Amino acid sequence: MKGVCLLFAVLMLSVAGIAQSVMTGKISDSDGKPVVGASVGIKGKNTGATTNAAGSFRLRVSVGDTLTFSSVGFESREIVFRKAADLSIKLTQENKILSDVVVTGYKSQVKQEITGSVTSIKMDKITEGQAAESFGSLLQGRVAGVNVQLNSGEPGATPAIIIRGLAAVSRGDASAISEPLYVIDGIPIISRMSSEFAVTSTNVLADLNPSDIEDVVVLKDASAAAIYGSRAANGVILITTKKGKRGKPQINLNIRTGVNFVPQLRDVAGGTKEREQVQRLYDLYAPYGLSMPAMYTDVTNPFYNNSSDWQGYLYNTSVTQDYNASIRGAGDFGQYSISMGYMDSKGILFNTGFKRYSLMASTSFNALKNKLIINNTLAVSRTDQGRNPDGLSSGYSSLLPLPDNPLVKGAEVYQPGNISNLNDRVRFSSDATLNLARNLSYKASLSLEYLRVMQDTYSESRRTLRATNLSATGENQNLLFQNTVTYTPKFGNGHSLSVLLGQSMEKTEAKTTSVNSVSASPTLSQSVNWPQGNSIGSSNYGASTLMSYFSRLDYNFQQKYLLGASIRTDGSSKFGKANRWGVFPSISAGWNFYKEDIFANAGWLTNGKIRGSYGLSGTTWDNNYLALGIMDGGSLDQYNSLIEIAYGGISGFTPTWYDGFKNDNLTWVKTNMANIGVDLTLFKGKVEVIFDAYEKLTKGLLLSTALPTTSGYNEVYRNAADVLNRGLEFTVNTNMRFGSDFTWNTNLNFAYNKNSVIRLPDGNADIIKTSTSGQDFGSIIRVGAPLNGFFFYESQGIYQAEDQVPVDPKTGKKLLGLQGKTLQVGDRNFRDQDGDYRIDVSDRVYSGDPNPKWNGGWTNDFTYKQFSLNLVATFVIGRDIVNTALLDRLKLGKAFAGSGSLPNFDKYSIWEKSGDNARYPALNPWSDATQVINYDSEYIEDGSYFKIRSATLSYTFNKKIMQRLPFERMRIYCTADNLVTFQKYSGPDAELVTIDGFDMSGGYPMRRMLLFGVSISL
Amino acid sequence: MTHWMKHWKFISLLAIVLLCSCRKSLTVEQENSTVEEGYYQSAPRIQQSVIGGYVDLRRALLANYAWMMYGEARAGDLKVAVAFQQQVASQQLTATDQNLVQLSDWGYFYDVIKDANDVLDIVEQAEEGVLSTYQYNVYRGEALALKSMAYFYLARIWGPVPSAERNNFGAQLTSEEVVAQSIVWATEAQRLLPWLLLNDDGIESTALTAVRFNKTAVTSLLAQEHLWLGNGQSAYDVLTNTFTSSTADSLSGFGLAIGEDRRTEIPEAPLSAGILSMPLATFNAIYPEGDARRAGMFNISGNSATLIVQDASKVDLLPVREINLLFAEAAWRSQRFDEAKEWLIKAANGATEDYSALTEETFGDALLLERQRIMVGTGQRMFDLIRFGEVPSYISAFTEADVTKGAAYWPLSASSIKDNGWSQNAYWAIP
């Protein structure tokens, strides 16, 4: 610092000499080492230079020119050239912690002045070495309190991102997820489609190329998020895309190829073992007169000793390719950034994969002497997900021949066909900022987003000679117009104020059209014809508007005492006129206590802040017209009676057949959130500690509630349920340097969340989750318990002796099992909770919590000279999951023989004879009341896991080490993805479960990937 | 301050922009669905709401052959060719069969009541000139008649039931209170409804009249209701004041239309051939050899007699042929014995019995028998047994004491008695 001051003094004192001269100079860092590749430019001119390996540069300059010096990782400097002399410039390394500017709602803030709970993730390093379909999966384990759960290993699948605990209820399946709001460069985007408009199953956010992202900011608490009002209750994720930086144009190429390996699949007995197991089951349990199918007994059958590895046949090593190229630059005129990406990720399962084509162009222009800044961004992308129709199964009996067996060649045993999911998104936004006066600016922005989703399905059955075609298209568009005025005066002795006023208007429209046909014979064409009788075409349209006014005020005194407040009011067309507007205020305060005098001499304390916030934010729901009272011309009622609407030649239309009646009182789901936090930076940035504690009360979640049948309605939607999430979040970052060549940076974050239901409709009645067709999901929502708990029969082991079956002392009758079964030795011993000596639905109890109590991640970065090693681990502790995968395979039907592969029974503790200390009951396929039932607490297991998600080893070349390198910089790397999982769970992967805790690994396992890549900067 | 002054043009423009984002944009018009508000603003649309009531009444009475299950099928007179009828006939009404659960749910009848109340509101709130006087009278009359009929069914099937009227919603009403209320509505409907309804072209249409409430049908309903309460004199007055020799040409019954629907077929065909039958022995006992009505009403084949469907396009509920029976009963109950006999003889045309010799003691049994013969297929039998106090004599499963406890009524489904403080009657509450 001293040297810089001296230099500056020298420059100031010197007198201008030669008008223009070639000047040489050297740039070095604070340790005196040369800075390679730094940009040197002249303000207002189009010339520039870059430092070589020795840190030197040459440039033609005139006295009076303003020279600019910049390099990644250093603070930029500007110097007025006064004297024709060689320059020696020292650049100071950026103090990331103190000077970081973080994008928050509608503005940017210096990190030190932030009073909310905000986490910023620089994506640059992450995306350079990792190929991912969406940024969502890259966030896994990076931010405390953000639970990113990958439910499926299928390319293009949507991860569930839940910030600070689940706060969504439904009477049906677990698809109700409290999803955050996604904002790209200040524009809220379409991040998902409501079920009625979701034509494709692809992750909607996968069309944003992660390599285009500069950073991701997660707004977790109400003070940070409340400015987004009615959509902020589940947190807000702000994405800033990469822009050009001053200096010479930066051209980047990142080329990588990955090999996807098949992970451990389901355990299959296979071949002779399967035959023996079938034989054993027949011996033990087959009713008199029933003999094994000939397939197992006929030794002349060519497949008698066959052992087909169906999983091996259908799952194969595959390749992922990912290419990214970009050119970016900036100058006094503004900036430009153009990037292109292509990704082709082949799935490990036959006929699956994901492709993305993306293009993004962003430009900024400065006009009127920088008084007017105009930004334009155009992003175009296409994703293409390929899937199989449902018929494809990897669970066939291992005695059946594989399709490539010469004896059966040509006969397709699995259902041919394919599903193509195509998403096209065009996003255009344009904004103009007018700096009206010092500290006062006005910004208007307009954005149009268009998302087209298309699904084409073709599947045929060789057996029935029927082919199904389905073609569906959905169009979603979002038009947004917003205006903000910012006033940021500084006055007095360190008073600093920032006032933001804004307004926005948004309209979202969605439309679908779908047609399908079933034709009597395979036409082998993918066109949808209109056959007679069984064609169904449908279309749907929905629209909603949102109008908002918002304001935010931040005040600080000498960056020591911080105060923030925001208020937003949102009006939505989704609500009844009586409750259309919602007001979402928040308040926050912070104290940078390290600036107090008593810490003046505490060298170990670099930064210390205490902050607290409280605020209100909201969420809405998908159904656009719920509050209006839609008339519906008849539908199936609770008894599946279909009412027809024509009578005596005239059609009837009455308000009885609503989706629920008009309810003007429906209103916002409101979330009250309180947060206190501490940020500490110690030992000159070597250690950073962040702690947060929060309470999030979500009130008025929408649920249908029963009405007395005398009202003429069955149910009505009401703001009826409240959910409370309480939690703690810890983050510890360390930045260690050992000698001059070795650094070690770590990030450890973990979060605790406790979820509980506070209020439910109908007098807090339990909600046992069932589908509309009456299928029971085995989950319950109960007041006082966490959401979506398992509602199971409580297993007490297995009856080893007849006399263990309880006898009713009043009647002398033995306890009856499920479905009235007379219990025998080897049957499951369920606890008769209500003591009525009959096991039935009323004996089910709350038996487990699928919500993770602790989750987090641990990242380690080691660099040694040009080598670097990056390790990312994630973990979940304290979660129950159900081994549905095993359960489904032990559930043998009467026709089990030949119908599918069997697991190796020896690996599971299955009861066969008295005295067996078994975990699973007798597998009697012919039992009238099977003992392998869905909601048996024995299948609930500990779902905790620790997973090493990725490990990246890289080597960076630059001109310093390789003078003749044709590039500015080149990095080669190798990444292993989904490396290893440590778990107690007996199934394949404890991560691949649904939000409500059921194993999904039967669906699509998560591949292991080994990625090789090279990243080049020109 | 000078900053602000300099930019006054801009600031005022901004103010205009902000204020112009008009709040009206928050009202999103429906493009592919219909909202109740503002819908019923023309006569055809108001008629749709009336039709909605008939559609719901049809569902209440035809789903699971309800009109039969509540009537002849339960009394054991007619067999319906569905499995659960066995349980109905043997009075196992609380069995866990989904069809029985639906039959013991009163929800569909309350749907009709809600429709009718909505129509009454819609008709009342219709703007000047939308409805002609004729339309106003017919739609209001039909709504009142539908409501009266739905409540009357509720009272006959379940006895005491809750009110779904705005003034006393949820109030527990006795069976008598319910019917007394129904009489008020039917009386007004009787005044409003014409003998024959006009079609859209303004021409009197017998086809339309046969499936909608008309003066004949609502008068029959009103007479039934009076008789249910034992008011023979009132029934007699209504009948004699309405039906005169001059109106004989205008009579029309009322049945539920079973038309082809444009979207789907009715899942059950209530009047498909062979669906309603009785064993030959039962048939012979009810209609002895020589009864002229045997061949006209039934097809005999093998061991059973199948009810002939006269008109498969509608299910008769209030047929014209009941009028003479109603006269007979009203006259008998109002101490006009001789007149009653005349009406019965007139009604029982084709019977082998000589009813001229009836005494006051035997008249009741003869009338009940003739009602059984003539009204077969209309779903009235069980209600007749209750009204005549003859349930234990015809249904062996029940004793007099059972009937006192409420055995003749239907049990209530779980959803009917949920959250409304209602409970099963003393008979069906037996664990």
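In chain B, the 33 positive and 51 negative charges have mean positions that sit 7 Å apart. That figure, like everything here, comes from a predicted model.

As for the overall build, chain B contains 21 helices and 9 strands. Of the 431 residues in chain B, 55% are buried. The chain exposes about 18,300 Å², and carbon and sulfur atoms account for 52% of that area. Looking at contacts in chain B between residues at least 6 apart in sequence, 67% of them link residues at least 24 apart.

Gln190(B) has a relative accessible area of 13%, so it counts as buried, the cut-off being under 20%. What does Gln190(B) touch, once its neighbours within four places in sequence are set aside? Its contacts are Lys215(B), Val218(B), Thr219(B), Leu222(B), Val238(B) and Thr242(B).

The structure holds 11 cavities of 30 Å³ or more, and the largest cavity takes up about 440 Å³. It is lined by 32 residues, with Glu133(A), Ser137(A), Leu150(A), Met1006(A) and Arg1007(A) the closest to its centre. Two elements of chain A, α4 (135-138) and β19 (334-346), each give two or more residues to this lining. Of these, β19(A) gives the most, with 3 residues.

Conventions
Residues are numbered from 1 along each chain as its sequence is written. Chains are lettered from A and ligands numbered from 1 in the order in which they are written. This is a predicted model: local features need pLDDT of at least 70, side-chain atom pairs count only at pLDDT 80 or more; totals for chains, interfaces and linings use all residues. Side-chain values use heavy atoms; hydrogens and water are left out. Buried means under 20% relative accessible area, exposed over 50%, partly exposed in between (1.4 Å probe, protein chains only). Contact means heavy atoms within 4.5 Å. Helices (H or I, at least four residues) and strands (E, at least two) are DSSP runs, numbered from the N terminus. Accessible areas come from the Shrake-Rupley method with a 1.4 Å probe; for residues, only the protein chains shown count as cover. Lys and Arg count as positive and Asp and Glu as negative; His and the chain ends are not counted. The place of a charge is taken as NZ of Lys, CZ of Arg, CG of Asp or CD of Glu. On a 1 Å grid over the protein atoms alone, a cavity is a set of points where a 1.4 Å probe fits but cannot get out, and a pocket is an open set with protein on both sides within 12 Å along at least five of seven lines; lining residues have an atom within 4 Å of a point. Grid points are joined across faces, edges and corners, and a volume is the space filled by probe spheres set on the points.
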